[in-house]
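Here is a briefing on one protein model and its ligand. Please keep the sequence and the 3D view open while reading.

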Amino acid sequence: MDLNTVTEVHLARDRADLRALGESVAAVAGGSALYGEPQHHLTALVDLTTMGWPALTRTDDGLEIAATCTLAELSQIPAQPGWAAHHAFFDCCTALYGSFKVWNVATVGGNLCAALPAGPMTSLTAALDGEALVWRADGSDERMPVAAFITGNKTTALNPGDVLRSITLPEDSLLSRVAYRKIALSPLGRSGAVLLGRLAPGGAFVLTVTGGTVRPIQLRYETRPPAATLRSDVLAISEWFTDAHGAADWRRAVSALLAEEIREELS
Ligand SMILES: Cc1cc2nc3c(=O)[nH]c(=O)nc-3n(C[C@H](O)[C@H](O)[C@H](O)COP(=O)(O)OP(=O)(O)OC[C@H]3O[C@@H](n4cnc5c(N)ncnc54)[C@H](O)[C@@H]3O)c2cc1C
């Protein structure tokens with residue numbers, strides 16, 4: 001939709017250009033969430049896609065994903081030797097309730113910053129223990145787990161003027177076996193629950209629950225837990241929510257079932 005109060009769009013070329021951001025000036029990446037609803041408080045936008053950040057950077061420690069990397073780019077990332085988690089990139093992109101047209105503009109950072117519970121990039125990067133790099137408005141840098149970056153339904157650790165620069169996935173996560181489950185009320189509907197299990201090379205098991213909870217919830221075990229333990233831990237989560245895409249009690253119940261499927265798959 002038209003954002004009628006927005007009268008200027010600045011193309012950001014370097015970090016100094018981000019100083020324009022604030023209460024009434026928002027960052028825009030793909031725009032697929034920003035243009036989806038009225039933004040009467042905004043007078044200007046700062047386009048991050050002109051910053052020229054490389055979408056995907058392989059490092060010795062893992063993979064850095066620029067906030068401006070599109071879902072299309074991420075979905076096509078080539079597999080690397082040993083990356084047992086590789087399939088999760090494509091799996092999670094398919095959990096976005098949007099066609100290839102949306103994939104081509106929607107960014108990983110925009111998905112995290114929009115912070116919808118059904119944000120599939122939140123599911124992916126939290127499950128792989130991603131670390132978010134935040135450029136604070138005062139010029140400082142801050143790193144935090146993605147699971148802490150998302151603080152609630154449409155809320156994040158960002159303050160006005162801050163920018164999410166990148167997400168780094170550690171090598172150990174990329175080498176992990178990963179099992180993915182998504183459920184929605186209709187075949188093409190927005191996710192009601194998205195769960196990923198991760199079995200690290202050292203044997204640690206992490207279940208990440210998203211979609212059905214207002215923020216990512218992670219259950220961690222030194223080894224693959226018994227079925228009864230995992231089930232009771234999932235059922236004990238308190239942050240289920242109800243909206244048009246599912247009732248809280250349904251989300252809780254199906255998540256317990258999906259968690260067990262994941263546990264079995266990672267046996
Ligand atoms: C048909 C359709 C289906 C969709 N389905 C889903 C879905 O299933 N799940 C879902 O989660 N979303 C969905 N969306 C919403 C949206 O497409 C995604 O959330 C997308 O990933 C947002 O990315 P973007 O780059 O377009 O973000 P934008 O729209 O550009 O930005 C989103 C928000 O994040 C801020 N922002 C963006 N990048 C940064 C940054 N690097 N630092 C700081 N702030 C930033 C913006 O100011 C804005 O508030 C859908 C949208 C459409 C049109």
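Buried means under 20% relative accessible area, exposed means over 50%, and partly exposed lies in between (1.4 Å probe, protein chains only). By that cut-off Ala115 is buried, because its relative accessible area is 0%. The model is predicted: local features need pLDDT of at least 70, side-chain atom pairs count only at pLDDT 80 or more, and totals for chains, interfaces and linings use all residues. Residues are numbered from 1 along each chain as its sequence is written, and side-chain values use heavy atoms, with hydrogens and water left out.

**Ligand site**

- The ligand is surrounded by 31 residues, where a residue is near a molecule or strand if one of its heavy atoms lies within 4 Å of it.
- The closest of these residues are Ala27, Ser32, Leu34, Tyr97 and Thr107.
- Polar contacts are pairs of N or O atoms within 3.5 Å; within protein, one atom must be able to donate a hydrogen and the other to accept it, and residues adjacent in sequence count only if both atoms are side-chain atoms.
- Ser32 places a polar side-chain atom 2.6 Å from an oxygen atom of the ligand.
- Leu34 uses a polar backbone atom, 2.7 Å from an oxygen atom of the ligand.
- Gly30 has a backbone N or O atom 2.8 Å from an oxygen atom of the ligand.
- Taken alone, the ligand exposes 970 Å², and the protein buries 85% of that; accessible areas come from the Shrake-Rupley method with a 1.4 Å probe, and for residues only the protein chains shown count as cover.
- The ligand takes the space of the largest pocket.
- On a 1 Å grid over the protein atoms alone, a pocket is an open set of points with protein on both sides within 12 Å along at least five of seven lines, whereas a cavity is a set where a 1.4 Å probe fits but cannot get out; lining residues have an atom within 4 Å of a point.
- A molecule sits in a cavity or pocket if more than half of its atoms lie within 2 Å of its grid points.

**Elements around the ligand**

- Which elements give two or more residues to the shell around the ligand? They are β2 (25–28), α4 (108–114) and β10.
- Helices (H or I, at least four residues) and strands (E, at least two) are DSSP runs, numbered from the N terminus.
- Helix α4 gives the largest share of the shell, four residues.

- Two strands pair if DSSP finds at least two bridges between them.
- Strand β5 (residues 62–66) runs antiparallel to β10, joined by five bridges.
- Within that pairing, Ile65 has Ile167 as its bridge partner in β10.
- Strand β6 (residues 131–135) also runs antiparallel to β10, again with five bridges.
- Trp135 stands opposite Val163 in β10.

- Is helix α5 (residues 120–127) largely enclosed or largely open? Eight of its eight residues are buried, so the rest of the structure largely encloses the helix.
- Those buried residues include Pro120, Met121, Leu124 and Ala127.
- Ala115 sits in the loop between α4 and α5.
- Ala115 is not a glycine, yet its phi is positive, about 55°.
- Asp129 lies in the loop between α5 and β6, and counts as partly exposed at 25% relative accessibility.

**Other residues**

- His87 lies in helix α2 (residues 87–93) and is partly exposed, at 32% relative accessibility.
- The side chain of His87 reaches the backbone oxygen of Val178 at 2.9 Å.
- His87 and Phe205 are 118 residues apart in sequence, with 18 Å between their C-alpha atoms.
- His40 is in the loop between β2 and β3 (44–47) and is exposed, at 67% relative accessibility.
- Leu18 belongs to the loop between β1 (8–11) and β2 and is buried, at 7% relative accessibility.
- Leu18 and Arg251 are 233 residues apart along the chain, and their C-alpha atoms are separated by 39 Å.
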